[in-house]
Amino acid sequence: MDPSDLYDLDPAAHDVPAGLHLVAGLTGFADAGSAVTQFTEYLLDTLEHRVVASFDVDTLLDYRARRPTMYFDQDHLTDYRPAKLNLYLARDELGQQFLLLAGFEPDFQWERFTAAVLGLVDRFQVSTTTWVHAIPMPVPHTRPISVTVSGNRTELIDSLSVWKPHTQVPANALHLVEFRLHHLGHPVTGFVLLIPHYLADTEYPSAAVASLESISAATGLIFPTDRLREEGRDFIAKIDEQVATNQELGRLVSTLEQRHDSYMEDSPLRSPLTDEDGLLPSADEIAAELEKFLAHRRTGDDEQPRS
């Protein structure tokens, strides 16, 4: 069966510029902290976007496993919300365009779906593909969310990947997409967010922020995160209140902190915010670097040829 029959292209798809980044996040088997759900919904709620391709839901979705929502108003049905799996053309906060693959993870025909995605990557001459998902881990919420990085972009793996296990994992559909792209030599990166296991079933706003930060690190795209960060601070404050009043939970978090800090002491990975001694730069040093950056940008702008 032709993989391209799995989706309908928008008539304006020919206007999509070549060489854009592809960003992907599919909800399904694992979405600890609702990281992917929040991440994709936030992008679609806050950024300008339009549909480029719509995948065939009836072919790819197991309705009995993931039933759509209908609204019942006293004596009649008033709303039906079907599942969606779309490829969007979006703009980040600076107006940079990128492609976003978002929606449900296919239940069926993974090989055909993967071939369809690879066909779209080729059709639009995608420059890089980056995707995120999240798994529960025995880590504390009082430490920054860490990631495991996969793919073939070694600069991201070396600078960001905290945990590099040798293990078998239950596959996500995007694992297969990454596997095929890797063997084709296409630049591809997968970010696995390591979410505190005791928050895996919650909507953890910090997980969405970590998703956005990971995508930014891989693509240079800029996303608005102020709302999510504020929600994250409120969420953490409530968790801290519960920890303070529950001795058992407090002991659990303390134990996780000790294990986390011990592991990080032995990790060769250094935060990009610290110097060689592990110290944060001062406010004056940050201001000096910012001024240097702005001066460089102004010089570069002046050297641009005038039209």
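Q: How many salt bridges does a search of the whole structure find?
A: This is a predicted model, so the count comes from computed positions of atoms. A pair counts when a side-chain nitrogen of Lys or Arg comes within 4 Å of a carboxyl oxygen of Asp or Glu. Searching the whole structure on that basis, the total is nine.

Q: Which residue forms a salt bridge with D107?
A: Let's look at the loop between strand 7 and helix 3, where D107 sits. The partner is 41 residues away, in the loop between helix 2 and strand 4, and the pair links distant parts of the chain. The closest N and O atoms are 3.0 Å apart, and the partner is R66.

Q: Is R66 buried, partly exposed or exposed?
A: Buried means under 20% relative accessible area and exposed means over 50%, with partly exposed in between. R66 has 27% relative accessibility, so R66 counts as partly exposed.

Q: How far apart are the closest N and O atoms in the salt bridge of E111 with R180?
A: Both residues carry the charged groups that this kind of contact needs: a carboxyl oxygen of Asp or Glu, and a side-chain nitrogen of Lys or Arg. For E111 and R180, the closest N and O atoms lie at a distance of 2.8 Å.

Q: How many residues apart in sequence are the parts that E111 and R180 tie together?
A: E111 and R180 form a salt bridge. E111 lies in helix 3 while R180 lies in helix 5, so the pair ties together parts whose separation in sequence is 69 residues.

Q: Which residue joins R143 and E257 in a network of salt bridges?
A: Start with the pair itself: the side chains of R143 and E257 meet in a salt bridge at 3.7 Å, N to O. R143 is in the loop between strand 8 and strand 9, and E257 is in helix 8, 114 residues apart. The network that links R143 and E257 also includes D261.

Q: Which residues gather with D234 in a patch of negative charge on the surface?
A: D234 has its place in helix 7, residues 226-244. With 45% relative accessibility, D234 counts as partly exposed, and patches are made of residues with over 30% relative accessible area and no salt bridge. The residues that gather with D234 are E93, D226 and E230.

Q: Is strand 2 mostly covered or mostly open, and how many of its residues are buried?
A: A residue is buried when its relative accessible area is under 20%. Strand 2 spans residues 21-27 and is mostly covered, and of its seven residues the number buried is five.

Q: Which residue in strand 7 is the bridge partner of L22?
A: Strand 2 runs parallel to strand 7, residues 97-104, and six bridges join them. Strand 2 also runs parallel to strand 8, with four bridges, and there H21 has T128 as its bridge partner. In strand 7, the bridge partner of L22 is L99.

Q: How far apart in space are L174 and G190, C-alpha to C-alpha?
A: L174 lies in helix 5. L174 has 3% relative accessibility, so L174 counts as buried. L174 and G190 are 16 residues apart in sequence, and their C-alpha to C-alpha distance is 8.6 Å.

Conventions. Residues are numbered from 1 along each chain as its sequence is written. This is a predicted model: local features need pLDDT of at least 70, side-chain atom pairs count only at pLDDT 80 or more; totals for chains, interfaces and linings use all residues. Side-chain values use heavy atoms; hydrogens and water are left out. Buried means under 20% relative accessible area, exposed over 50%, partly exposed in between (1.4 Å probe, protein chains only). Helices (H or I, at least four residues) and strands (E, at least two) are DSSP runs, numbered from the N terminus. Two strands pair if DSSP finds at least two bridges between them. Patches are made of residues with over 30% relative accessible area and no salt bridge: like charges are joined within 9 Å, nonpolar side chains (Val, Leu, Ile, Met, Phe, Trp, Tyr) within 5 Å. Accessible areas come from the Shrake-Rupley method with a 1.4 Å probe; for residues, only the protein chains shown count as cover. Lys and Arg count as positive and Asp and Glu as negative; His and the chain ends are not counted. The place of a charge is taken as NZ of Lys, CZ of Arg, CG of Asp or CD of Glu.
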